Amino acid sequence: MSFDVIEYNLVLFGWIIAFLLGPLLLLRSSDEKVHPSYRRAMVTCALVILLLGVEILFQWLIRFYFELNDPVLSVSVYLLAFCIATLLFTAGFCAMMAPALISRSQRMIACIVVSVYSIFLLINYFVPNRRFQLIGILVACALLFIFTCVCVYKAIVIYRRAINDLRTYYSDFVENLMRWMPGVGVSIMLFLLTAPITCLCPRWVGVNQLALGIIMFIYTFVCTINFSVSYNEVATAFNQPDNQEADHDGSLVTDGSLAGEDRSSLSEALQQVIQDKEVRWRDHGGYRTSGLTIDQAARAMGTNRSYLSRYLNEVRHMTFYEWVAIMRIDEAKSLMLENRDTSIEEIASQVGFSSLSTFSSTFKKVVGESPVKWKNSQKL
């Protein structure tokens, strides 16, 4: 089988996959009244997939239907599609996790950048000198790389904030719901940025990259669907109104950061009150509740989420997840010493961990070694 036939079938398969999977994202539902940005984000992600499908279809038409072997045209269309897709994907990511971080001026600037970039590619294509066209393509690749880096930086900021909100809201480790994002995002960016270079390489290089691209595309779609299944749970953490507090200047400071060195917005008297409530709640074993959230803990302690969150971040200098984990691990260590015949799994369940793997990973983070190794080291 020749490379032409393989390439023909791969491009056709990629186009069909894109047009099938894109609309499927819209079938995933969420509570739009609670999380109104979810639907907009899903529509945006679906548009990205459809846009890439249109780009693949266009490449298929000019390569196999019109039989135009023009690498400048192919690369120009590819760069324009990737530029728009990067913008839409970043907008969808922000709309899903932190819509407040994207201002109207930023949207206008992004649209202007895409418009100017489109005009540049169009003018470059009609330049009669082939050498100047190739130079223009290299400049377009460099500009796209800069634009992509800005979008990636924006996405990283939002991702870190979302991870911090999860740690601030949940007692259990739920970050695995979002762990796939950085790896997939970086892989896609590297793959798409290097794609124009394949036009200058032998045919087999382009065919192999196209096959890898289809696999990566399907994997990303599956990850997105898996994330959307748990979106309501995750969004509850990073869409909490108390995740942001106004400082004295009127600016916003997240719960996970301090407004200044060793500065607390809680009075000493209020700190003491919350500390007393913390001791009573800990003595009653409130931290043993599996799937505990900061809202539930605050109600059980007789305070509110805002006070407890500020107390943990500004006085204790830790997240809710770390705070509960330390108490659970301390009790687990005591139980392992008192009841050496009890299995590690039973102890993990007793102190509130939902699974043995979560207990083991958390224990290693807090203590520095696995539960089994620590227990064996404590033998007399």
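Predicted model: local features only at pLDDT ≥ 70, side-chain atom pairs only at ≥ 80, totals over all residues.
A residue counts as buried when its relative accessible area is under 20%, as exposed when that value is over 50%, and as partly exposed in between.

| Cysteine | Relative accessible area | Class |
|---|---|---|
| Cys111 | 47% | partly exposed |
| Cys151 | 8% | buried |

A disulfide is a covalent bond between the sulfur atoms of two cysteines. The count for this model comes to 0 disulfides. Cys151 is in no disulfide, since the nearest cysteine sulfur, which belongs to Cys83, is 7.9 Å away, and a pair would have to lie within 2.5 Å to be counted.

The second largest pocket has a volume of about 600 Å³. Its lining is made up of 21 residues, and those closest to the pocket centre are Leu87, Ile102, Gln106, Arg107 and Ala110. Two or more lining residues come from each of the helices α2 (37-65), α3 (71-97), α4 (104-125) and α5 (130-169). Sorted by class, the lining holds 15 nonpolar residues, together with 3 polar and 3 charged ones.

Among these contributing elements is α3, a helix of 27 residues that reaches 38 Å from its first C-alpha to its last, close to the 39 Å expected at 1.5 Å a residue. α3 is also mostly covered, with 20 of its 27 residues buried.

Conventions
Residues numbered from 1 in each chain as written. Heavy atoms only, no water. 1 Å grid on protein atoms, 1.4 Å probe; cavity = no way out; pocket = protein on both sides within 12 Å on 5 of 7 lines; lining within 4 Å. Points joined across faces, edges and corners; volume = space filled by probe spheres on them. Helix = DSSP H or I, 4+ residues; strand = E, 2+ residues; numbered from the N terminus. Nonpolar A, V, L, I, M, F, W, Y, C, P; charged D, E, K, R; others polar. Expected span 1.5 Å × (residues − 1). Buried < 20%, exposed > 50% of the residue type's maximum accessible area, 1.4 Å probe, protein only.
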